[in-house]
Amino acid sequence: MQIDFDMPVIAGGGLDAGVLDRVLVDRERGVLTHVVLRSPLSSEELLVSMDLVQGTAGGQLRLRPGRDELLSLPRYYEGRTTAQPAGRVDTSLVPQPPEQRQALEEALGVTDDTVELGPETRVMTADEAEVQLVGIGANDPGNDISRLRVRGPAGAEADFPASWIDVMREDVVALTVTRDDVLRSRPAPRRRDGNLADLEGLSGMGGLDGDTPEEVFGADFVDELRDKGGMVLNIPGASGPGEAADRRAAEPVDAGAAAGAERQRPSR
């Protein structure tokens, strides 16, 4: 299942429910847990558990609930950037007795390991070249992340396998591979229309707008990547046979593959 930002969302019964705004991911388990909708039904964004997602078809995300049922879903305030994702969720409109409110919030599964990813999230190679996150691919039935869909500054798009993910934050997803690994990968990354992607639009050593990595992400985070420490995301089974079967997911041919194989989770 491929979920891209701004794709149309269809409620049960075939009625328009809005567009996909962003997603929530459990970075510890490497699992897509929720989608966030901009909907004409509500002035706030709607938080939809992946249990309520039927799948994707024809470039549309299809939900199980009907339009009326969507009105009782939790609201999500993505603008509350000073709070963790759990603090952006509002369950006050969910029809539950007050004494069951805490149980409901726990059942939603938005935890300290949850990361919000959206169209502002950047994807950075090991040598600090950057592209923009477009969407996320997930495997059925567990919704584990299988790939990232990205777009370069020149507009080219490609899918990167989840086995390339090293660090995941809201503002940036860092990869284990370099820009050259991406361009030399076999099979080569492809755009969504099936044609080979031209990723020469990658920005080299600076930010997408010419900024240095330190200016964009902060010196502490750049040092963290260079030291290979902190927040390493090991995707369960990402480099196994299931991912190899995805013909759109490329694998690096040399240095990048070795880097991915040598990754280790930091001690806690």
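Two strands are said to pair if DSSP finds at least two bridges between them, and the strands themselves are DSSP runs of E with at least two residues, numbered from the N terminus. The model is predicted, so local features need pLDDT of at least 70 and side-chain atom pairs count only at pLDDT 80 or more, while totals for chains, interfaces and linings use all residues. Residues are numbered from 1 along each chain as its sequence is written, and side-chain values use heavy atoms, with hydrogens and water left out.

With strand β10 (residues 114–117), β3 pairs in the antiparallel sense over 4 bridges, and in β10 the bridge partner of Val23 is Leu117. Strand β4 (residues 31–38) also runs antiparallel to β3, joined by 7 bridges, with Val25 standing opposite Leu32; these two strands form a hairpin with 4 residues between them, where Gly30 in the turn has a positive phi of about 70°. Strand β2 (residues 8–10) pairs with β3 over 3 bridges, again in the antiparallel sense, and Pro8 has Val19 of β3 as its bridge partner.

Because 9 of the 11 residues of β3 are buried, this strand is largely enclosed by the rest of the structure; buried means under 20% relative accessible area, computed with a 1.4 Å probe on protein chains only.

Elsewhere, Thr125 lies in the loop between β11 (122–124) and β12 (130–138), and this residue is buried, with a relative accessible area of 5%. Not counting residues up to four places away in sequence, Thr125 touches Leu175, Val177, Thr178, Arg179 and Val182, where contact means heavy atoms within 4.5 Å.

Note on methods:
Buried means under 20% relative accessible area, exposed over 50%, partly exposed in between (1.4 Å probe, protein chains only).
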